[in-house]
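Dear colleague,

Please find the structure below, handed over for your records.

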Amino acid sequence: FALYPMVVKWAEEFKKIHPNVRIDISGGGAGKGMTDALAKVVDLGMVSRDIHDVEIKKGAFAFAVIKDAVVPTINANNPVMEDIKKKGLSREVALKLWNGEYETWGQVLGTDSKVPVHVYTRSDACGAAETWAAWFDKRQEDLQGTAVFGDPGVASAVQKDKVAIGFNNIAYAFDQKSRQPYEGMAIIPLDVNGNGKIDPEEDFYATSTELNAAIAEGKYPSPPARNLFLVSNGKPMKPEVLAFLEFILTDGQQYAPEVGYIGLSSDILEEELFKLQE
C-alpha cells in the first residue's frame with residue numbers, strides 16, 4: 001500500500017515513453033509483495049520495510065526506490081485535541097498504547113481525562129506496521145489493538161472514531177492535491193526529544209510538503225521514516241523490467257514531491273543503479 005500511489009505515477013510516465021509496455025499494479029501489504037516476488041507471481045513486489053536476511057537467502061533482490069514515513073493518525077474531532085497537539089507522542093507512550101497498557105487519553109497525556117482511547121493496528125502483514133513498531137523496538141506481531149486490513153482500512157477507522165489512534169503511510173494520511181490531512185484525520189506530532197512537549201522545531205505536520213522536507217532533513221526519526229523497495233526473485237532479466245527500474249532511479253525521481261514522497265539521495269541512487277549493471 002505504501003508504494004502503490006508512487007508506482008502508479010511511475011507507470012503512467014513510463015508508458016508515455018514506452019506505450020507498448022503493459023504494467024499491472026495491485027496493492028496488498030508488504031508481506032504479499034514479498035511472497036509474490038519470491039514465488040515469481042510478479043516481476044516486482046512492493047515492499048515498504050527493510051528486507052530480512054531469510055528473504056535474501058530465498059532469492060530476494062531489492063532496489064530502494066523512494067522514501068516516505070509512517071505517521072500516527074487520530075480523528076480530527078478528538079475531544080482533547082488541543083492537549084494532544086501540545087504534548088505530542090513519545091516512543092514510551094506509543095509503546096504503552098500498542099501494548100494495551102493505556103485505556104484513556106488521560107493516561108496518554110498525563111491528565112485526568114477519562115475519554116477512552118481506541119487503538120488500531122493492521123491485520124495484514126505490512127511494512128507500515130513493522131516500521132511503526134520498530135520505532136519503539138517491537139515487531140508487528142507485538143502490536144495490540146483493533147486490527148484492520150490495509151492502509152485505507154486504518155484511515156477509514158480513524159475517520160469514523162473520534163477517540164481513535166492509528167498509523168498510516170503519508171500517502172494515506174495526506175491528500176495528494178491539497179497536501180492537507182484527509183478530511184476527518186489529523187496527525188499527532190512526534191515528541192522526538194522526549195521532553196513532554198512539542199517544540200517549534202518538532203512541529204512540521206501542517207502539510208505533507210512540510211513533513212517531507214523535515215524527513216529529508218533528518219528531523220523526523222527513522223524509523224518510522226524509511227526507504228521503500230521493489231523486489232524481484234534474483235536480479236531482473238527482462239529488458240522492460242530493467243528499463244522500468246532505470247527510469248524510476250533516474251527521471252522518475254522528479255515525480256516524488258508531486259505524489260507526496262521523498263526522493264532518494266544521489267549516493268543511494270548511484271548504489272541502486274549499479275545493481276542493474278552488475
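**Pocket analysis**

The lining of the largest pocket comprises 17 nonpolar, 7 polar and 7 charged residues; here Ala, Val, Leu, Ile, Met, Phe, Trp, Tyr, Cys and Pro count as nonpolar, Asp, Glu, Lys and Arg as charged, and the others, Gly among them, as polar. The model is predicted, so local features need pLDDT of at least 70 and side-chain atom pairs count only at pLDDT 80 or more, whereas totals for chains, interfaces and linings use all residues. Residues are numbered from 1 along each chain as its sequence is written, and side-chain values use heavy atoms, with hydrogens and water left out.

A pocket is an open set of points on a 1 Å grid over the protein atoms alone, where a 1.4 Å probe fits, with protein on both sides within 12 Å along at least five of seven lines; lining residues have an atom within 4 Å of a point. A volume is the space filled by probe spheres set on the points, which are joined across faces, edges and corners.

The largest pocket holds about 580 Å³ of space. Of its 31 lining residues, Asp24, Ile25, Val42, Asp43 and Leu44 lie nearest the centre. Helix H2 supplies the largest share of this lining, 4 residues (helices, H or I, at least four residues, and strands, E, at least two, are DSSP runs numbered from the N terminus).

The second largest pocket has a volume of about 240 Å³. It is lined by 14 residues, with Lys85, Ile187, Pro189, Asp203 and Tyr205 nearest its centre. Helix H4 (81-87) and strand E6 (185-187) each give two or more residues to this lining. By class, 10 of the lining residues are nonpolar, none polar and 4 charged.
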